[in-house]
2 protein chains.
Amino acid sequence: MKKKIVRIKDIAEKAQTSKGTVDRVLHNRGRVADDVRERILKIIEELNYEPNFIAQSLKSQRTFNLVALIPDPHVDPYWEAPKAGLEKAEKELRQYGIYISQLIFNPHEVTSFIAKAEEATKENPDGVLIAPIFYKEVLPFFKEWATKDIPYVLFNTQIEHVDPLCYIGQDSFQSGELAAKIICFGLQSPGSILVAHINEDISNSAHLITKEEGFRNYFARKAEREKFRIVTKEINFSEGTSLDMQLDQILTDEPQLSAVYVTNSKAFEIASYLERKGLNDIKLVGYDLLKPNLDYLDKEIISFLINQNPLGQGYWGIHQLANHLVFKKEIQPIKFLPLDIITKENLDYYLDPE
Amino acid sequence: MKKKIVRIKDIAEKAQTSKGTVDRVLHNRGRVADDVRERILKIIEELNYEPNFIAQSLKSQRTFNLVALIPDPHVDPYWEAPKAGLEKAEKELRQYGIYISQLIFNPHEVTSFIAKAEEATKENPDGVLIAPIFYKEVLPFFKEWATKDIPYVLFNTQIEHVDPLCYIGQDSFQSGELAAKIICFGLQSPGSILVAHINEDISNSAHLITKEEGFRNYFARKAEREKFRIVTKEINFSEGTSLDMQLDQILTDEPQLSAVYVTNSKAFEIASYLERKGLNDIKLVGYDLLKPNLDYLDKEIISFLINQNPLGQGYWGIHQLANHLVFKKEIQPIKFLPLDIITKENLDYYLDPE
DNA sequence: AAATTAGGTGTGTTCGAGCACGTTTTGAAA
DNA sequence: TTTCAAAACGTGCTCGAACACACCTAATTT
């Protein structure tokens, strides 16, 4: 019933040699006669030896200094969650010698990002976790880290044609499809649907475009395009025209508006407008469990939120690095996190996991 | 930047004593002069020493034999997932000396359950994970385990007025409310809604009743009762009348039927009927990612499934026992798992977690 | 006064893996 | 045959915590 743990010593005894030799075989350190190596390998196979990583990590005492490059949560509160996630992971993994230094940059200033990325490189870390929101600017750093053999994990924003240890985040296309499905389920009568990109520099946000593609693809596949008219708007109100004016205009153009899909975490802006104007029948779907979003979810002005699990992104990002560095596990190049559908009724269970 | 790990030896040196003495203080083993004890405690506080559990568990070599009492997956495939979950946990925790013996009982035979529960008791395990689907019969065992100081974790079915280490599962009431919310979102026009308990002994399944209460509560709160007529039916077709006959009857009584809520994992039975009869407009919501359910989810005959995360129940159940026994962590008496809303579009991410 | 006991305290070994270093063997050159 | 380096292999210490055991001292019993 109780399986005995197989130790290096056991292998050595069975192979009539010493643990030093077995150790050399295990770590390919050479200096072992071929016949002995063969014999030992066979026995390892036989007993299916698995290294005791408790003993391993006790011994190795090695510390790993990781760097996390994330946008400033004070500028955009969305980033609080990934930060919390990586801190949670750090706490769990400190035992295994994982240390993280956080480098926080301003998501609206490229120079700030570059400065921090340079700082990260200078630290010569054992691994990097990064939210690569500046596409063009991050590429040279990826190159440099690659030559220095520093593994880096991407999260939040997927970037093609680079070679990270892995990407953690959501499948944006699928995410758009999911939003479409939900809205479609809630709409019986025809009408128009607004896809809103709010306060976002679209040219630098490929994932928002991908979401929209997924969204439109759903309706295209359903061949219900005739029934629903889908219009896209970029809404920016930091400078110039106000939100209300822009939305007023949209409603004038689309009097039949029956649903709004907000592609980032700013659904509360639309919700505020709908509440003030008393437009209770317009379905609203957005992203992320930010405080203002949750308020409107509770009032049922926002119908559903899709959770990107930003905490999980930070948490798993660090864990993937640890799995690679400490536990030498094989890492899948992509880890898609679930597309959680959140409504007032199941919200609680997603708020602070674990 | 790098925090040094504080060891027992460090404390000993600072207190001008030996690690043996510090050890006695740490474990309250007595035989330490009062002044020395005070001094050591203060230093422990100061350096905020945290035991290195890697070294701890390497040394202690203690093994923990757990027992898992679960229904036979061959009788009801629902139980495959918890089984897989606890096996996953076992794999992760074997390093820490956790062993599990599975005792599988027939969920339709009380005697089988009692026999296995007795067997479990005889093994004198260090902890028990149990799906207590037989309410009355399980109570004496809880009592016995309590006197023997064997911690037990409940999952799937919550039982009041007993004192488990913790309960893992869902909030059934909330689960019912969630289902109501989804259905309500999808229905604009009036009609009647069927709550179906399929092939289940209701008298012994309190959680199904609770789900229905939550479901009805949602509509009651909304005061939309006038708009929607909610009817409950127990549908059993293992003996006597067939499923089709019973559903035909229901449809005759309720020609306006616009949605069905199945309280357990048997939604596919209704789906099969709806498909055969070509009733595409009836919304169907049920539970659990069983193969037949998934097929109908893919065909969009089932609109949404609520995931009880049965794999997670097994997984976390074992982990809670380990947290208690091995890591001496404080355990929350209830761990509600998220009420995941699953549809065709986000299904993939819930299928094999991790 | 000698013997015993209880109260304190320090030392040394163990867990399994990793690695430095020391030792033996081998084969080829002197 | 002797010499010597490279190859092959074994020994022993280390990581931090746990615990058995040995040790010392002072108080109590005979």
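## Chain A against chain B

A:Glu300 forms a salt bridge with B:Lys181, with the closest N and O atoms 2.8 Å apart. A salt bridge here is a side-chain nitrogen of Lys or Arg within 4 Å of a carboxyl oxygen of Asp or Glu. Chain A and chain B share 7 salt bridges. The model is predicted: local features need pLDDT of at least 70, side-chain atom pairs count only at pLDDT 80 or more, and totals for chains, interfaces and linings use all residues. Side-chain values use heavy atoms, with hydrogens and water left out.

Each chain has a part in the contact (heavy atoms within 4.5 Å): 48 residues from chain A and 48 residues from chain B. About 4600 Å² is buried between them, 55% of it on carbon and sulfur atoms. That area is the accessible area (1.4 Å probe) lost on putting the two parts together, summed over both.

## DNA strand C

There are 25 residues around DNA strand C; A:Ile8, A:Lys19, A:Arg29, B:Thr17 and B:Lys59 come nearest. To be near, a residue needs a heavy atom within 4 Å of the strand.

The table gives distances from a side-chain N or O atom to a phosphate oxygen of DNA strand C.

| Residue | Distance to phosphate oxygen of DNA strand C |
|---|---|
| A:His27 | 3.2 Å |
| A:Arg29 | 2.7 Å |
| A:Tyr49 | 2.7 Å |

Terms used:
Residues are numbered from 1 along each chain as its sequence is written. Chains are lettered from A and ligands numbered from 1 in the order in which they are written. A polar contact is a pair of N or O atoms within 3.5 Å; within protein, one must be able to donate a hydrogen and the other to accept it, and residues adjacent in sequence count only if both atoms are side-chain atoms.
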